Amino acid sequence: MEKVEKEYNQAEETVSPAPGEFRFRKGERLHHKAFVSRLFALGKSEYAYPLRMIYLVESAALKASAVKSRHVEGSSPEEVLRLMRTDRVQFMVTVPKKKQHKAVDRVLLRRRIREAWRLNRNPLRRLLASAPEPLTLTVAVNYVSSEIKPYSKIEEKMRKLLDSLSEKVDEAMQTRPKSDDKES
């Protein structure tokens, strides 16, 4: 009996997340006008009703070049992102007033979408951290339904979108030339 409990506790320990792993930090919020406009201009789209995800995978150098500021000129791309307090993954949610007329409903849906993102994003973050070249991911999620869906449905669709996005990021990492290949 003790052996079973010990195995269960060991399995539980390996699954438990690191402290702070599920926090939604300020640096992860997408709010910089240059990054948002770049996302909607160059991003690709995935769709799983009632959510539409627009994403852009790019090198840290390209993202940093979108910022024009005297404070960051001459800095490395990683340094620029650090100075701007941005993470490698940035996220925003939109719930259009045209679909949800009441502010209370829009806020409820934004909270549900943010929570689904917060709880399911970690495999994607680990994948980006393992990239040989520093990559950044910018994501916007739009709620496209005129009905208020339950959290379980939103989370199911968010998982589907994040799985698809993980595959796309993995493909981008495989097709992207390594920095050693460029020099030779």
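This is a short chat about a predicted model.

Trainee: Let's start with helix 5. How many residues does helix 5 have?
Mentor: Helix 5 has 18 residues. From its first C-alpha to its last it reaches 26 Å. That is close to the 26 Å expected at 1.5 Å a residue.

Trainee: Which residues in helix 5 are buried?
Mentor: Asp105, Arg106, Leu109, Ile113, Ala116, Trp117 and Asn120 are buried there. Look down the helix axis, and the buried residues of helix 5 fall within an arc of 105 degrees, so they line one face of the helix.

Trainee: And what does the face turned away from the buried side carry?
Mentor: That face of helix 5 carries the exposed residues Val104 and Arg111.

Trainee: What do the buried residues of helix 5 pack against?
Mentor: They pack against strand 2, strand 3, helix 6, strand 4 and helix 7. Helix 6 is 122-129 and strand 4 is 135-143.

Trainee: New topic. How many aromatic pairs does the structure hold?
Mentor: One. Phenylalanine 91 and tryptophan 117 form the pair, and it is stacked. The rings are 4.2 Å apart, centre to centre, with 10 degrees between the planes.

Trainee: Why is it called stacked?
Mentor: Planes under 30 degrees apart count as stacked, and here the angle is 10 degrees.

Trainee: Where do the two residues sit?
Mentor: Phenylalanine 91 is in strand 3, residues 89-94. Tryptophan 117 is in helix 5, residues 103-120. They are 26 residues apart, and the pair links distant parts of the chain.

Trainee: Are phenylalanine 91 and tryptophan 117 buried or exposed?
Mentor: Both phenylalanine 91 and tryptophan 117 are buried.

Trainee: Now strand 2. Where is isoleucine 54, and is it buried or exposed?
Mentor: Isoleucine 54 is in strand 2, residues 51-59. Its relative accessible area is 4%. Buried means under 20%, so isoleucine 54 counts as buried.

Trainee: What is isoleucine 54 in contact with?
Mentor: Leave aside its neighbours within four places in sequence. Then its contacts include Leu39, Phe40, Thr138 and Val139. The C-alpha atoms of isoleucine 54 and leucine 39 are separated by 7.4 Å. Those two residues are 15 apart along the chain.

Trainee: Last one: lysine 157. Which helix is that in?
Mentor: Lysine 157 is in helix 7, residues 151-175. Lysine 157 is buried yet has no salt bridge.

How values were computed:
Residues are numbered from 1 along each chain as its sequence is written. This is a predicted model: local features need pLDDT of at least 70, side-chain atom pairs count only at pLDDT 80 or more; totals for chains, interfaces and linings use all residues. Side-chain values use heavy atoms; hydrogens and water are left out. Helices (H or I, at least four residues) and strands (E, at least two) are DSSP runs, numbered from the N terminus. Buried means under 20% relative accessible area, exposed over 50%, partly exposed in between (1.4 Å probe, protein chains only). Contact means heavy atoms within 4.5 Å. Rings of Phe, Tyr and Trp (its six-membered ring) pair if their centres lie within 6.5 Å; planes under 30 degrees apart count as stacked, over 60 as edge-to-face and the rest as tilted. Lys and Arg count as positive and Asp and Glu as negative; His and the chain ends are not counted. A salt bridge is a side-chain nitrogen of Lys or Arg within 4 Å of a carboxyl oxygen of Asp or Glu. The expected span of a helix is 1.5 Å times one less than its number of residues. The arc is that of the directions from the helix axis to the C-beta atoms.
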